[in-house]
Number of protein chains: 2
Amino acid sequence: MNDASDLNAAPPAPQERLPTLNRRFDFGSYAETRHFLDQMADLSRREDYYPNVSFGKTYVNISIDAEGQAALAERNSSFTSEMEALAAAGKA
Amino acid sequence: MNDASDLNAAPPAPQERLPTLNRRFDFGSYAETRHFLDQMADLSRREDYYPNVSFGKTYVNISIDAEGQAALAERNSSFTSEMEALAAAGKA
């Protein structure tokens, strides 16, 4: 920054690098886990976003890295809230 | 080993603890990844074994821990070879 005019410019937008969002959901059975995974697949297709997913028989962990969070925010995507809603409904 | 008789005894059966088997499969598209995951779900149901699975848009990582490997071996399960065959077919 050699240009003195920069001194009066608005401060640059902070280059916030969000930490990876890790969300773990536990389920009572494999059937519930599977159902949630299928719905997450539909959600991914709809929102064209594919998080990293880890799962075992009765749990699912969803990871959304900084880049993913930025992309979703830019599109005003409701990906994460829909994910929470699906998980909550799936544990009924 | 303070007991001298141990020197002549047969060696104890090795308490082999197999390292976790991690197998990564890469795919050319999300559709291929998805197809493989669906087939793995069927395989899990059939063999009643649920490995830990991680996946993103174009990869799947399957982890089978020592306990899982022992359980599958005891049942003479063809889980791992079927998994390899599904992945190979899915990348056609």
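Modeller: A salt bridge here is a side-chain nitrogen of Lys or Arg within 4 Å of a carboxyl oxygen of Asp or Glu. This is a predicted model, in which local features need pLDDT of at least 70 and side-chain atom pairs count only at pLDDT 80 or more, while totals for chains, interfaces and linings use all residues. Residues are numbered from 1 along each chain as its sequence is written, chains are lettered from A and ligands numbered from 1 in the order in which they are written, and side-chain values use heavy atoms, with hydrogens and water left out.

Start with one pair. D38(A) forms a salt bridge with R34(B), and their closest N and O atoms are 3.9 Å apart. D38(A) sits in helix 1 (residues 30-47) of chain A and R34(B) in helix 1 of chain B, so this pair joins two chains. Helices (H or I, at least four residues) and strands (E, at least two) are DSSP runs, numbered from the N terminus. The rule finds two salt bridges across the interface of chain B and chain A, and over all chains the count comes to 12.

Polar contacts are next. Such a contact is a pair of N or O atoms within 3.5 Å; within protein, one must be able to donate a hydrogen and the other to accept it, and residues adjacent in sequence count only if both atoms are side-chain atoms. Five residue pairs are in polar contact across the interface of chain B and chain A, both residues being at pLDDT 80 or more. On the side of chain B that touches chain A, the elements giving two or more residues are helix 1 (30-47) and strand 2 (52-55) of chain B. Helix 1 of chain B supplies the largest share of that side, seven residues.

Strand 2 takes part in a pairing. Strand 2 (residues 52-55) of chain A and strand 2 of chain B run antiparallel, joined by three bridges (strands pair if DSSP finds at least two bridges between them). V53(A) has F55(B) as its bridge partner in strand 2 of chain B.

Now the interface as a whole. In total, 17 residues of chain B are in contact (heavy atoms within 4.5 Å) with 17 residues of chain A. About 1300 Å² is buried between chain B and chain A, and carbon and sulfur atoms give 55% of this. Buried area is the accessible area (1.4 Å probe) that two parts lose on being put together, summed over both. In chain B, Y30(B), Y50(B) and F55(B) lose the most area to chain A, together 39% of what that side buries.

The same surface serves both copies, as 100% of the contact residues of chain B recur in chain A.
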